[in-house]
Amino acid sequence: MRAAIFRGPKDVTVGTRPDPVIQEPTDAVVRVTMACVCGSDLWYYRGEAEHAVGPIGHEFIGVVEDVGAEVNGVAVGDLVVAPFIFSDMSCPHCRNGSTLSCVRGGNFGNGTIDGGQGEAVRVPLAGSTLVRVPGGAHPDSILKSVLTLSDVMSTGHHAVVSAGVKPGDTVAVVGDGAVGLCAVLASKRLGADRIIALSRHADRQRVARAFGATDVVEARGDEADEAVRSLTDGIGVDAALECVGTQQAIDTAAAIARPGSTIGIVGVPHGTVPFNATFFRNVGWSGGPAPARIYIPELLDDVLNGAIDPGVVLDFETDLDGTPDAYAAMDERRAIKSLIRVS
């Protein structure tokens, strides 16, 4: 089969890999129809994090092509969405909300295991990992939104859940990438009354407004801190959502959270989380990689009934051969999030 292969910084190519086959009775093989590039993939692409040479990509939807003898819940021919982590959903860590830590789990596209940016994927623990998408043929807009549930929409939702956002709250979202924009949408979905989006890009501001942002702050650093405090009468926000992972974004979230609140942090930290700076304000930190498999069913219902449309963040499209440009488009900020149509 053909698939994207990571070879090093700024070097993602499309090459040939062995066709996936059933290796364990709990496996399934999924023929990929849509995949996308994640913001976390850019850390590898830019050489700011390590990634093994080999398959890459962890967000995909597709059709089940084969199943092992012990797979239940999905069948050949089913349209499915895969969370970015495969897990058994039954170990102590999964049962307590951390599917990333599943004792039998692992990551798609980690250099060894098949990545979503390819024609097909062997899915371990398929019965507990894959989520069947009910119904017949779905319009393209629905399929794009289903694809976002594999990571970015679930991750934005995780920021909101981690911060304890409740109806009537004032929320600030630090980061205007796909995760940050999905965090705006998730905040609106859970009833936040005021949503402040920190963004300096007009195209992303438009999406943030469409998703429910009531205010936009274009400043960064100390100016952003002052702007948010001014909008909240000097109090700070009920929930700060950190959706980037850079030191500046982490520091901004810490500065604008009101005393007694919780910061939802889902950006992969490439800086130091300042616990000392928030300690004397009783500001907590909660978050991490999203347990997407736990969130997908409820979010899928809202996608299918038209309540949310997170697929809007997929604003660049290409085919599998165009995967290198899909990375470059996001790296160069020509795209919020790149969609790869595979079949």
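This is a predicted model: local features need pLDDT of at least 70, side-chain atom pairs count only at pLDDT 80 or more; totals for chains, interfaces and linings use all residues.
Me: Is Asp169 buried or exposed?
Reply: Buried means under 20% relative accessible area. Asp169 has 6% relative accessibility, so Asp169 counts as buried.

Me: Which backbone nitrogen does the side chain of Asp169 reach?
Reply: Leaving aside neighbours within four places in sequence, Asp169 is in contact with Gly164, Ala192, Asp193, Arg194 and Asp238. The backbone nitrogen in question is 3.0 Å from the Asp169 side chain and belongs to Lys166.

Me: Which strands are the edges of the open sheet of 3 strands?
Reply: The order of this antiparallel sheet is E2-E1-E4. Strand E1 (residues 2-8) pairs with E2 over 6 bridges. The strands that pair on one side only are E2 (11-16) and E4 (54-55).

Me: What angle does the direction of helix H12 make with that of E2?
Reply: Helix H12 (residues 323-331) packs on the sheet and touches E1 and E2. The angle between the directions of H12 and E2 is about 160°.

Me: What arc do the buried residues of helix H8 cover around the axis?
Reply: In H8 (residues 221-231), the buried residues are Gly221, Ala224, Asp225 and Val228. They are on the same side of H8, because the arc they cover is only 100°.

Me: Which residues are exposed on the other side of H8?
Reply: The buried residues of H8 pack against strands E12 (194-198), E13 (215-217) and E14 (237-242) and helix H9 (247-256). Opposite them, the exposed residues are Asp222, Glu223, Glu226 and Ser230.

Me: How many residues apart are Lys10 and Asp331?
Reply: These two form a salt bridge, with the closest N and O atoms 3.3 Å apart. Lys10 is exposed at 52% relative accessible area, whereas Asp331 is buried at 19%. Lys10 sits in the loop between E1 and E2 and Asp331 in H12, and their separation is 321 residues.

Me: What is the relative accessible area of Arg204?
Reply: Arg204 meets Asp176 in a salt bridge (3.9 Å, N to O). Arg204 lies in helix H7 (residues 202-211), and Asp176 in the loop between E11 and helix H6 (178-189). Asp176 counts as buried at 9%. Arg204 is buried too, with a relative accessible area of 5%.

Conventions. Residues are numbered from 1 along each chain as its sequence is written. Side-chain values use heavy atoms; hydrogens and water are left out. Buried means under 20% relative accessible area, exposed over 50%, partly exposed in between (1.4 Å probe, protein chains only). A polar contact is a pair of N or O atoms within 3.5 Å; within protein, one must be able to donate a hydrogen and the other to accept it, and residues adjacent in sequence count only if both atoms are side-chain atoms. Contact means heavy atoms within 4.5 Å. Two strands pair if DSSP finds at least two bridges between them. Helices (H or I, at least four residues) and strands (E, at least two) are DSSP runs, numbered from the N terminus. Axes are lines fitted to C-alpha atoms, for helices over the stretch in contact, and angles run from 0 to 180 degrees between N-to-C directions. The arc is that of the directions from the helix axis to the C-beta atoms. A salt bridge is a side-chain nitrogen of Lys or Arg within 4 Å of a carboxyl oxygen of Asp or Glu.
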